[in-house]
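This report goes through the two chains shown below.

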Amino acid sequence: MTESKTNLNLFVCVLTYPAPTGNYRGESEENRTILQKIIKQGQKYAVISPESMRNALRETLILLNQPNNRTRIHDEDQLAVEFKEYPNAQKYADDFLFGYMVAQTNDVKKMRELNLSPKRDSIFRCNLAVALSPYKYDAIFHQSPLNAKTKNNEKTYWKNASTSALLHREVTHTAFQYPFALSQRDCLEKPEWIRALLQAIAQLNGVAGGHARAYYEFAPRSVVARLTPKLVAGYKTYGFEEDGSFPELNRLGKRDLDDCDLPGDEFWIGGEIVRQMDENELLNLTEAGVHLFKNPDQLFDAIADEFLGGVKNVSAA
Amino acid sequence: MFLLLKAPFASFRPFQSGSYRSTTPVPSPSAVYGILLNLAGIEQRTATDQPITLIRDDLPEMEIAIGIPNDSHSETSILSQQLHNYPVGASGKELAKKTYGNKYWIAPVRREVLVEFSLIIGVKAGQELCDRIIKGLNGELDEPRYGLAFAGDNNFLFDEIKVIPDKNIPFAKWYCPIKDNTPPSRGICRLTTWIDRADNTNTKIQVFAPLFSNSPPENAWLNLPPSNA
């Protein structure tokens with residue numbers, strides 16, 4: 001724990017642009033690769049794991065020149081990563097932001113000798129990304145070719161399967177929404193890394209299972225954020241509807257009104273949702289003190305200034 | 001005092017390993033106690049830099065009751081996940097050196113997740129502790145604290161935690177410990193009432209069954225920490 005002082009917490013819901021996705025390849029039913037789905041109000045919705053987003057954020061942070069300990073390696077027979085050295089939250093942004101756990105007794109002992117903590121909670125709290133539209137049982141059909149042995153390749157020939165394979169791949173055309181949260185008290189120790197994280201979220205890409213075969217843009221289309229001393233968001237964190245609206249914005253009002261439900265000056269709204277607001281709605285929200293941005297990048301820059309105070313931008317590689 | 005909690009996702013894992021990770025329908029009493037202390041900004045742990053996180057022995061006493069509001073639409077979904085672990089035996093031992101003590105093996109597992117979860121918690125405690133919980137929720141405690149309250153998995157944050165007046169307690173199914181020779185009933189589950197991390201044989205687990213009622217039945221109230229913990 002850090003020093004004693006009441007601080008703010010940041011709750012954000014990000015809506016992405018819609019695109020076809022067949023994101024998940026961790027499981028299959030015979031020759032059918034499936035989407036991961038959850039059931040909500042009787043319908044199935046595709047989901048993307050927070051781990052997938054954390055992996056993409058880690059790789060974006062590397063591109064933003066942030067010090068990283070963990071790197072994905074691609075020549076093992078299973079998903080694999082390597083560390084440069086023992087986790088060190090003071091030295092590496094990814095260890096600081098995403099946490100880690102070392103439980104092997106000998107390594108814990110060595111880490112203690114180095115005055116390093118063997119485990120650390122993730123500062124970045126990110127929930128599942130959930131499809132905005134229900135899954136409609138769409139599947140597309142592929143054929144994986146046989147790698148044939150010929151005269152040309154007989155010295156270097158290899159193959160995985162003995163026959164050509166037919167594959168069904170579940171797909172859905174949808175946007176996704178995902179909430180994340182940060183506690184300011186946890187963040188102020190390394191504000192420059194938190195700013196880099198927010199910049200990475202503002203340009204998030206490469207969130208992909210499917211061995212990253214499908215390009216799926218995860219950059220924010222609309223954002224609803226709350227900066228508040230309270231410990232919970234206080235509204236539906238998956239608040240976007242299928243048309244891109246966020247009905248709970250109706251609860252925002254002027255802080256000093258007796259019937260104020262959610263104080264507008266704690267809210268930051270950006271992107272398409274603002275660009276599509278009519279004049280009355282813009283006026284009401286402005287009068288309630290809501291911070292409005294047509295561009296989500298500008299929202300993330302401004303909220304980083306408010307949340308972290310005066311830390312300069314990070315530089316891209 | 002009664003609290004209503006809502007979370008888009010929740011998962012309360014009993015002690016288990018293997019390729020199927022279930023969730024109990026409600027958080028265990030020990031988890032609810034931890035959530036309440038977190039809200040009140042009271043550190044439950046002795047130290048966080050040890051392999052095993054031990055629990056302090058000077059924690060405040062309270063009684064709690066746990067229920068699911070009758071209007072809850074929570075459903076259980078199953079997700080797959082690549083779980084990082086330390087393998088049993090020598091599998092992948094050549095990978096260990098690359099991870100500096102971190103888990104170096106990945107195995108697919110199935111995880112149960114509660115979707116659109118609602119919970120009601122009854123708290124009987126001293127006024128000072130109740131006030132601390134409310135102040136903590138409102139961010140008005142000038143105390144050291146870390147992180148945010150979560151619904152079993154630290155990615156699963158609550159949308160809402162609010163105090164509700166006693167007269168507005170919803171009709172709910174309250175989880176009550178069952179006694180020996182109790183006839184079979186629906187929805188029985190095993191919940192941890194207290195954890196001993198240093199010696200798991202001392203961890204206390206009881207069998208609970210839900211009982212519909214307008215307010216918590218007398219036997220739904222549990223003392224925590226248990227008197228003989």
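A salt bridge here is a side-chain nitrogen of Lys or Arg within 4 Å of a carboxyl oxygen of Asp or Glu. The model is predicted, and every value below is computed from it.

**Salt bridges**

Over all chains, the count comes to 12 salt bridges. One of them joins A:Asp94 to A:Arg58, with the closest N and O atoms 3.1 Å apart. This pair links distant parts of the chain, as A:Asp94 sits in helix α2 (residues 93-98) of chain A and A:Arg58 in helix α1 (residues 50-63) of chain A, 36 residues apart. Both A:Asp94 and A:Arg58 are buried.

A salt bridge also forms between A:Arg221 and A:Glu272. A:Arg221 belongs to strand β16 (residues 220-228) of chain A and A:Glu272 to helix α6 (residues 272-275) of chain A, and the two are 51 residues apart. Buried means under 20% relative accessible area. A:Arg221 has 9% relative accessibility and therefore counts as buried; A:Glu272, with a relative accessible area of 16%, is buried too.

In the pair of A:Arg251 and A:Glu248, A:Arg251 counts as partly exposed at 23% relative accessibility, and A:Glu248 counts as partly exposed at 21%. Elsewhere, salt bridges that share partners join A:Arg226, A:Arg255, A:Asp265 and A:Glu266 into one network.

| Salt bridge | Closest N and O atoms |
|---|---|
| A:Asp94 and A:Arg58 | 3.1 Å |
| A:Arg221 and A:Glu272 | 3.0 Å |
| A:Arg251 and A:Glu248 | 3.2 Å |

Helix α5 of chain A covers residues 191-202. At 1.5 Å a residue, its 12 residues should span 16 Å, and its end C-alpha atoms are 17 Å apart, which agrees. The helix is mostly covered, with 11 of its 12 residues buried. Among them are A:Trp193, A:Ile194, A:Arg195, A:Leu197 and A:Gln199.

A:Lys190 lies in the loop between α4 (184-187) and α5 of chain A. Is A:Lys190 buried or exposed? Its relative accessible area is 14%, so A:Lys190 is buried. A:Lys190 touches A:Ala89, A:Gln90 and A:Phe96, leaving aside residues up to four places away in sequence. From C-alpha to C-alpha, A:Lys190 and A:Ala93 are 8.5 Å apart in space, though 97 residues apart in sequence.

**A buried glutamine and a helix cap**

A:Gln177 is placed in strand β15 (residues 176-183) of chain A. With a relative accessible area of 3%, A:Gln177 is buried. Its side chain reaches the backbone nitrogen of A:Gly239 at 3.4 Å. Residues that A:Gln177 touches, not counting those up to four places away in sequence, include A:Cys13, A:Leu15, A:Leu128, A:Val130, A:Tyr238 and A:Phe240.

Helix α7 (residues 279-287) of chain A has its N-terminal end capped by A:Asp278, a side-chain oxygen of which lies 3.2 Å from the backbone nitrogen of A:Asn280. After α7(A) comes A:Gly289, with a positive phi near 90°.

**The contact between chains A and B**

The contact takes 65 residues from chain A and 53 residues from chain B. About 5,100 Å² is buried between the two chains, and carbon and sulfur atoms give 52% of that area. How many salt bridges are counted between chain B and chain A? The count is zero.

On the side of chain B that touches chain A, β1 (2-10), β4 (75-85), β5, α3 (127-137) and β6 (160-164) of chain B each supply at least two residues. The largest share, seven residues, comes from β4(B). By class, this side of chain B has 24 nonpolar, 16 polar and 13 charged residues.

**Backbone details in chain B**

Most residues other than glycine have a negative phi, and most peptide bonds are trans. B:Glu116, in strand β5 (residues 105-124) of chain B, has a positive phi near 55°. B:Glu116 is partly exposed, with a relative accessible area of 27%. B:Asn181 also has a positive phi, near 65°, and is found in the loop between β7 (172-177) and β8 (189-194) of chain B. At a relative accessible area of 79%, B:Asn181 is exposed.

A cis peptide bond joins B:Leu224 and B:Pro225, with omega about -10°. B:Pro225 lies in the segment after β10 (222-224) of chain B.

Definitions and conventions: Residues are numbered from 1 along each chain as its sequence is written. Chains are lettered from A and ligands numbered from 1 in the order in which they are written. This is a predicted model: local features need pLDDT of at least 70, side-chain atom pairs count only at pLDDT 80 or more; totals for chains, interfaces and linings use all residues. Side-chain values use heavy atoms; hydrogens and water are left out. Helices (H or I, at least four residues) and strands (E, at least two) are DSSP runs, numbered from the N terminus. Buried means under 20% relative accessible area, exposed over 50%, partly exposed in between (1.4 Å probe, protein chains only). Contact means heavy atoms within 4.5 Å. Buried area is the accessible area (1.4 Å probe) that two parts lose on being put together, summed over both. Ala, Val, Leu, Ile, Met, Phe, Trp, Tyr, Cys and Pro count as nonpolar, Asp, Glu, Lys and Arg as charged, and the others, Gly among them, as polar. A polar contact is a pair of N or O atoms within 3.5 Å; within protein, one must be able to donate a hydrogen and the other to accept it, and residues adjacent in sequence count only if both atoms are side-chain atoms. The expected span of a helix is 1.5 Å times one less than its number of residues.
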